[in-house]
Amino acid sequence: MCGIIAYKGKENAVKVVMDGLKHLEYRGYDSCGICLSLKDKVTLIKKVGKIENLEKEILERQKKENLKSDVGIGQSRWATHGKVSEINAHPHFSCDKEIYVVHNGIIENYEEIKKSLLKKGHKFVSETDTEVIPHLIEEYRKKLPFEKACQKTFKELKGLFACVVLDNKTKEIIGARNGSPLVMGISKDGLFLASDIPAFLDKTNKVILINDLEMVHLKNEKDYTIKNYLSNKIIKRKPVTINWTKEEAEKGKYPHFMIKEISEIPEAIKKSLIQNPSKIKKIINLIKKAKRVIFVGCGTAGHACLVGKYLFSKYLKKPVDFISASEFPHFVSTITKNDLVIAISQSGETIDVIEAIKKVKERKIKVLSLVNVMGSTLTRISDEVLMINAGPEKCVLATKSYLSQLSLILLLTFSSLNQKQKIEKELKKLSEEIKKLLNNKKFIGQIKNLANLLKDSSHLYIIGRGLQYPTALETALKVKEGDYLHGEAFAGGELKHGVIALVEKNTPCFIHFSKDEEETNTLINSMELKSRGAYLIGFGYKKQKDFNKNIVLPEVEEYLAPLLNIVPIYLLTYYLALIKGLDPDKPRNLAKSVTVK
Ligand code: BG6
C-alpha cells in the first residue's frame with residue numbers, strides 16, 4: 001500500500017517528486033525516499049517516518065548543494081517485507097549504483113531470485129523483496145539494453161506489483177504494473193508515473209491508464225512508449241481527462257483532510273445522484289433480473305454493502321447477501337450465473353475485492369461496481385460501473401465516500417420501485433439538513449463535549465437494530481481506526497446473548513435509533529444496559545429521558561437515518577483524535593487502500 005511517483009521533464013524533479021509524495025502519503029507513512037539523477041551524480045535520500053522528515057533533510061542539503069534535476073523517483077512506504085528502517089526504505093539500487101527502483105506490492109518469488117543473484121556475486125543491503133529488482137535488471141543489462149533488461153526482469157517477477165526504474169546512465173525511466181495501481185500523467189512540461197492521480201493532479205489532469213502486464217518507457221519530457229511486456233506489443237492509448245480539481249485534492253483552509261471531507265458530505269450526496277439515466281435503467285434491469293444479489297466490500301465500504309442488503313431485502317424483496325471480500329473465497333462456489341454481484345470500493349484497488357471479482361468473472365457472473373477512483377482496477381474488471389462522484393478522499397478514514405455509497409444504493413433501491421424522483425428529492429433535502437448540522441455551532445459544541453467526555457475511555461459499546469446495525473458497525477470502526485478506542489458494535493438483540501456481561505458502572509454505550517419498527521426494541525435494549533450501570537448516549541430524532549446524553553438529529557425516513565446518524569460519529573471521531581493528540585488523517589498501522597494480501 002505504498003505510494004510511488006516518478007517524473008521526467010523540464011520542472012525541478014525535487015519539487016515535483018516531493019509534492020507527489022505529500023499527496024501519496026495516505027497510502028503508507030512508515031518511511032520514504034527520493035532519488036534524483038543529476039548531471040554527474042545521483043542523490044539518494046531516505047528517511048524513517050513521514051514526508052516532513054525527508055523534506056527537512058532536502059532543505060538541509062539544498063543549503064550546501066544545488067539539488068536540481070529533470071528526473072527523479074520517490075516512494076512513501078507501508079512496510080511489508082523488512083522492518084521500518086532507512087536501509088529498507090525505497091528507492092533500492094543495484095551494485096553499480098546505476099539502477100534505482102521504487103515499488104508498491106509484494107514480489108512473491110524474491111527469495112529464489114535473490115539466491116541466484118547472490119551466487120552471481122550481487123551484494124544486498126536491505127531485507128526487502130523490492131531490492132531484487134534493481135539487481136536483476138543490472139544482471140540482464142550486462143547483455144541487454146536498459147528497456148530489454150527491464151522487460152526480462154518484469155516477466156520474471158511473481159506477485160502483485162507496480163514499480164518504477166530510474167537508469168542513471170540514460171536518465172530514462174521505465175514503469176510497469178501487474179495488479180497494483182499505476183497511472184501516467186502528461187503535462188506540457190513533462191511526464192509522470194504514480195500510484196494514483198492526486199499525486200500529480202496539481203500539475204495535470206491528463207491521464208493515461210496503465211493496465212496489468214504493461215510497461216511504460218519515459219524517454220524524455222514528452223516521448224514515451226507503452227507496451228505489453230509479455231507479448232512485446234506496442235500499445236497506443238489516448239489520455240483521459242480527470243474531472244477532479246487540484247483544490248479538491250488539497251486541504252485548502254482545513255487543518256486536516258478528515259474535517260475537510262466531512263464538510264464535503266452534503267455536496268458528495270448530491271453529486272452521487274448525477275448518473276446517466278439510461279445507465280441507471282440498464283442497471284435496474286440487471287437487479288430486477290438477478291435471482292440473487294451479493295454485495296462485496298471491505299471496511300467502511302463493507303458497511304455500505306450491509307445497508308444495501310437491508311434495503312434490497314426490505315424494499316425490493318430481493319434475495320440478497322453481503323460477503324466480506326476477505327472471506328469471499330469460501331462462498332464463491334455458491335454464486336451462479338443468474339446472480340448479480342455488486343462490489344463497493346472507494347479506491348477500486350482493495351486487493352480482497354479485486355481478487356473476489358476476478359473469481360466471479362472467471363465464473364462469467366455479472367458484476368456491478370460502485371467506485372470513487374476513476375480508472376482504478378475495479379472499474380476495469382467489472383461489467384457495469386457507477387462512479388460515486390465523492391471527489392478525492394485522502395483521509396485514511398472513509399467519510400464522505402460512505403455517504404455517497406449509501407446515496408447511490410438508495411437511488412438504485414427506489415429507482416427499482418419507480419420512485420427515482422422521490423428519493424432524489426429526499427436525498428437533496430437530507431444533504432441540506434446535514435449542511436445545517438455541520439454549520440450549527442451548538443451542535444458542534446455538543447460533539448466536542450462528548451469527545452472530551454470520552455477521552456479517557458478505553459471501551460465503548462454501540463448498539464443499533466435493523467438499518468442502524470451497519471451504523472453501529474461503522475461507529476465502532478471509526479473510533480478504532482481514528483481514536484484507537486476499543487469500540488464494539490452489537491445488533492441490539494445480541495446483547496443478552498453474552499456481550500452485556502462486558503457492561504459495568506459508567507461504561508459508555510452509544511444507542512443508534514430512528515423512527516422505525518425497531519425503535520421500541522432498541523430502547524428496551526438500552527434500558528437493559530442502563531440497569532447494569534451503563535452511561536447511555538443516544539443518537540436519534542428525539543431526546544430520550546432515560547439517556548445520560550442525547551445527540552438529537554432531524555427526523556427522517558428510516559431508510560435515510562443511517563446517512564444522518566453517522567455524521568455526528570465522524571465529527572466525534574475527528575475531535576476525539578485531536579483531543580488525544582492523534583493525526584486524524586494518518587492513523588498508525590493503516591493506509592487508505594489495502595493493495596497487498
Ligand atoms: C481501508 C481504509 O484501508 O480500506 C478504510 O482505511 C476503507 O477506510 C477500507 O473503508 C476499504 O477501502 P475501499 O477503498 O475498498 O473502499
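The following legends describe close-up views of a predicted model.

**View 1**
Strand β1 covers residues 3-9, and seven of its seven residues are buried. Gly 3, Ile 5, Tyr 7 and Gly 9 point to one side of β1, while Ile 4, Ala 6 and Lys 8 point the other way. In a regular strand the side chains alternate between the two faces of the sheet. Both sets of β1 residues are buried, Lys 8 included. Strand β4 (residues 71-77) pairs with β1 in the antiparallel sense through six bridges, and Tyr 7 stands opposite Gly 72 of β4. Strand β10 also runs antiparallel to β1, joined to it by five bridges. Within β10, Ala 194 is the bridge partner of Ile 5.

Ser 187 lies in the loop between β9 (183-186) and β10 (190-194). Its relative accessible area is 14%, and because this falls under the 20% limit the residue counts as buried. Leaving aside residues up to four places away in sequence, Ser 187 touches Phe 192, Lys 203 and Thr 204.

Seven strands, in the order β5-β6-β7-β8-β12-β13-β14, make up an open sheet with antiparallel pairing. The edges are held by β5 (92-93) and β14 (234-235); each has a single partner strand, so one side of each is left without a neighbour in the sheet. At one of these edges, β5 pairs with strand β6 (residues 99-105) in the antiparallel sense over two bridges. Phe 93 stands opposite Tyr 100 in β6. Helix α4 (residues 132-141) lies across β5, β6 and β7 (161-167), and runs at about 135° to β6.

**View 1. The largest pocket and its lining.**
The largest pocket has a volume of about 600 Å³. Its lining comprises 29 residues, of which Cys 298, Gly 299, Thr 300, Lys 592 and Val 594 are the closest to the centre. At least two lining residues come from each of α9 (299-316), β17 (320-324), β18 (340-345), α10 (351-362), α12 and α15 (468-483). The most is given by α9, which supplies five residues.

**View 2. Helix α9.**
Helix α9 is mostly covered, with 13 of its 18 residues buried. At 1.5 Å a residue, the 18 residues of α9 should span 26 Å, and the 25 Å between its end C-alpha atoms agrees with this. Lys 317 follows α9 and has a positive phi, near 50°.

**View 3. Helix α13 and the helices around its buried residues.**
Helix α13 comprises 19 residues (420-438), which should span 27 Å at 1.5 Å a residue; its end C-alpha atoms are 27 Å apart, in agreement. The buried residues of α13 are Ile 423, Glu 424, Glu 426, Leu 427, Leu 430, Ser 431, Glu 433, Ile 434, Leu 437 and Leu 438. An α-helix has 3.6 residues a turn, so residues three or four places apart point the same way. The partners against which the buried residues of α13 pack are α6 (257-263), α7 (265-272), α12 (400-415), α14 (441-454) and α17 (561-579). One of these partners, α12, also contributes to the lining of the largest pocket.

Methods:
Residues are numbered from 1 along each chain as its sequence is written. This is a predicted model: local features need pLDDT of at least 70, side-chain atom pairs count only at pLDDT 80 or more; totals for chains, interfaces and linings use all residues. Side-chain values use heavy atoms; hydrogens and water are left out. Helices (H or I, at least four residues) and strands (E, at least two) are DSSP runs, numbered from the N terminus. The expected span of a helix is 1.5 Å times one less than its number of residues. Buried means under 20% relative accessible area, exposed over 50%, partly exposed in between (1.4 Å probe, protein chains only). Contact means heavy atoms within 4.5 Å. Two strands pair if DSSP finds at least two bridges between them. Axes are lines fitted to C-alpha atoms, for helices over the stretch in contact, and angles run from 0 to 180 degrees between N-to-C directions. On a 1 Å grid over the protein atoms alone, a cavity is a set of points where a 1.4 Å probe fits but cannot get out, and a pocket is an open set with protein on both sides within 12 Å along at least five of seven lines; lining residues have an atom within 4 Å of a point. Grid points are joined across faces, edges and corners, and a volume is the space filled by probe spheres set on the points.
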